[in-house]
Amino acid sequence: MHARRYGFTLYELLITLSLVAMLATLAVPAFATLSAKSRQYAEIWSLFHAIHRARKTSIVQRREVSLCPSDDGATCAGRTDWSAGWILYYTPDDNDRGGLVVVAHEVTDSIRIKANRRAFTLRATVKRATNGTLVVCDRRGRIPAKALVVSFTGRPRVATARPDGRPYSCAY
């Protein structure tokens with residue numbers, strides 16, 4: 001009788017390793033794209049929900065609520081690049097109420113956010129909100145840019161292309 005041998009031959013091991021290497025070569029770029037899309041969606045939805053919250057608060061409490069870029073999570077940065085982060089706060093009014101930061105958000109390093117406004121202010125129903133567009137991009141350019149478009153009534157919507165069909169870009 002022959003003793004049964006367990007294990008793999010060198011040939012079998014090389015074939016298996018080459019198949020694993022080929023699959024990894026195909027999977028890594030797909031995973032990087034999936035990861036970039038996931039980060040982009042997370043930032044878009046954070047802004048989307050912040051705008052909805054500001055709109056609801058402005059209507060229910062009859063006061064102005066603003067959203068602006070921020071470096072420190074406490075004050076507005078006064079620019080159109082929102083890539084460091086943003087804050088949602090009560091806008092000061094005649095009774096000197098306000099200035100209280102409701103939400104402070106830090107943006108992921110791999111995402112860039114550019115807007116055509118330095119701030120968005122949501123007002124009660126008798127006044128108009130600040131309209132504009134926030135474009136969310138992957139810093140490495142692995143995925144197309146998407147935009148969060150805010151209407152005059154303060155309603156946000158996600159767009160993949162400008163009204164004329166051209167794609168969005170973070171280079172304003």
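Reader: How many disulfides does the structure hold?

Author: One. Keep in mind that this is a predicted model. The disulfide joins C68 to C76, with an S to S distance of 1.9 Å.

Reader: What is the handedness of the disulfide of C68 and C76?

Author: Look at the torsion about the S-S bond. Here the torsion is about -85°, so the disulfide of C68 and C76 is left-handed.

Reader: Is C68 buried or exposed?

Author: Buried means under 20% relative accessible area. C68 has 1%, so C68 is buried.

Reader: Now the rings. What describes a pair of aromatic rings?

Author: Two values do: the distance of the centres and the angle of the planes. A search of the whole structure finds two aromatic pairs. Take W45 and F48. Their ring centres are 4.8 Å apart and their planes stand at 70°, so this pair is edge-to-face.

Reader: Where do W45 and F48 lie?

Author: Both are in helix 1, residues 10-61. Three residues separate them, about one turn of the helix. F48 counts as buried, at 14% relative accessibility. W45 counts as partly exposed, at 37%.

Reader: Which residues form the tilted aromatic pair?

Author: W82 and F120. The distance is 5.8 Å centre to centre, with 55° between the planes. W82 sits in the loop between strand 1 (65-69) and strand 2 (85-90), while F120 belongs to strand 5 (residues 120-122). The pair therefore ties together parts that are 38 residues apart in sequence.

Reader: Are W82 and F120 buried or exposed?

Author: W82 counts as buried, at 0% relative accessibility. F120 is buried too, with a relative accessible area of 1%.

Reader: Which residue lies over the face of Y90?

Author: R63 does, at 4.1 Å from the ring centre.

Reader: On to strands. In what order do the four strands of the open sheet run?

Author: Read across the sheet: 4-6-7-8, with antiparallel pairing. The twist averages 20° from one strand to the next.

Reader: Which strands stand at the edges?

Author: Strand 4 (111-115) and strand 8 (156-159). Each has a single partner strand, so one side of each is left without a neighbour in the sheet.

Reader: How many bridges join strand 7 to strand 8?

Author: Four. Strand 7 covers residues 146-150, and the two strands run antiparallel.

Key: Residues are numbered from 1 along each chain as its sequence is written. This is a predicted model: local features need pLDDT of at least 70, side-chain atom pairs count only at pLDDT 80 or more; totals for chains, interfaces and linings use all residues. Side-chain values use heavy atoms; hydrogens and water are left out. Rings of Phe, Tyr and Trp (its six-membered ring) pair if their centres lie within 6.5 Å; planes under 30 degrees apart count as stacked, over 60 as edge-to-face and the rest as tilted. Buried means under 20% relative accessible area, exposed over 50%, partly exposed in between (1.4 Å probe, protein chains only). A charge sits over a ring if NZ of Lys or CZ of Arg is within 6 Å of the ring centre and within 35 degrees of the ring normal. Two strands pair if DSSP finds at least two bridges between them. Axes are lines fitted to C-alpha atoms, for helices over the stretch in contact, and angles run from 0 to 180 degrees between N-to-C directions. A disulfide is a pair of cysteine sulfur atoms within 2.5 Å.
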